[in-house]
Amino acid sequence: MKNQYPSLNVTAIEDIGLIYVENSKNIDVNKIENKIIEYIDVQGELPDLISPYEDAVTPNRILNEVKQLTLDEFKESNQFDTNIEFPSLNSETFTPFNWYLKDVTSDYKNLSIDTGEHSTIALIDSGVDIEHPLIKENIDLTLAKNYVTNDMDITDELGHGTTIAGIMSSIAPDTTIVPYKVIGNEVGKSVWVIEAIIDAANNDNDVINLSVGTYFIKSEKEDKLLIKAYKKAVKYAESKGAWNSSRIHTN
């Protein structure tokens, strides 16, 4: 495909046998398809991700308000006192906001057994605020990746990934969180999520967290492809020892 049609953007995820083709110039690729059809199990389109609901998360208004400034200028004008000792997210200070914590930790008993030390969680989401004083000690950028712009900037433009990172840190305060950014300021692509799952598994993360979604109908041809691709990615991650904290729902 790349040799005959250089303008095609072809992504091959060899670990699960998935080829993703972006045909922005609407080139007729029937000739290629006829040559490889016998090797194709199922084909179709992969829908975009859905941006988190507005009532579930507020877009990062701070970034929007200062978009005329550089990020460095903004940081300089909004410095934290680094000597301030902030309470932990699972402390009584945040009890009114962490309505879930008592239930998921068996009335905080789990925290006395395991706090997540020596474990890593792959956060596949909208990125994270790496300067947030309550979670920045948990963030590891060594293997972090941005699939939206293919650079190292995993800044959270929505606030959703930062929220999820906060929940993780409250449940497992000593865990390490590795962000994989698959959503920008609006939507993301399903293929980015699949790539991130494979990368997170190959990077030896212990847990892979997905709090993103899309709409699909399991009777539709294209949606069957999406379901199959996700299941292959999850199965691959499980084979690599990663525990998956997402669920695939079909309607």
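Helix H7 (221–239) is one of the elements that supply at least two residues each to the lining of the second largest pocket, together with strand S2 (18–22) and helix H1 (30–36). H7 gives the most, with six residues. The model is predicted: local features need pLDDT of at least 70, side-chain atom pairs count only at pLDDT 80 or more, and totals for chains, interfaces and linings use all residues. Residues are numbered from 1 along each chain as its sequence is written, and side-chain values use heavy atoms, with hydrogens and water left out.

Of the 31 residues that line this pocket, Ile19, Val21, Val42, Gln43 and Gly44 lie nearest its centre. The structure also holds one cavity of 30 Å³ or more. Its lining consists of Leu89, Asn90, Ser91, Phe94, Thr95, Asn98, Leu101 and Tyr108.

| Space | Volume | Nonpolar lining residues | Polar lining residues | Charged lining residues |
|---|---|---|---|---|
| Largest cavity | about 40 Å³ | four | four | none |

Both kinds of space are found on a 1 Å grid over the protein atoms alone: in a cavity a 1.4 Å probe fits but cannot get out, whereas a pocket is an open set of points with protein on both sides within 12 Å along at least five of seven lines; lining residues have an atom within 4 Å of a point. Grid points are joined across faces, edges and corners, and a volume is the space filled by probe spheres set on the points. Ala, Val, Leu, Ile, Met, Phe, Trp, Tyr, Cys and Pro count as nonpolar, Asp, Glu, Lys and Arg as charged, and the others, Gly among them, as polar.

The protein has seven helices and seven strands, in the order β-β-α-α-α-α-β-β-α-β-α-β-α-β from the N terminus. These are DSSP runs (helices H or I, at least four residues; strands E, at least two). Buried residues (under 20% relative accessible area, 1.4 Å probe, protein chains only) make up 37% of the 251 residues. Among contacts (heavy atoms within 4.5 Å) between residues at least 6 apart in sequence, 77% join residues at least 24 apart.

Asparagine 138 is in the loop between strand S3 (120–125) and strand S4 (145–146). Asparagine 138 counts as buried because its relative accessibility is 8%. Its side chain reaches the backbone oxygen of threonine 175 at 2.9 Å. Beyond its neighbours within four places in sequence, asparagine 138 is in contact with Ser169, Ala172, Pro173, Asp174, Thr175, Thr176 and Ile177.

How values were computed
Buried < 20%, exposed > 50% of the residue type's maximum accessible area, 1.4 Å probe, protein only. Polar contact = N/O pair within 3.5 Å; in protein donor to acceptor, adjacent residues only side chain to side chain.
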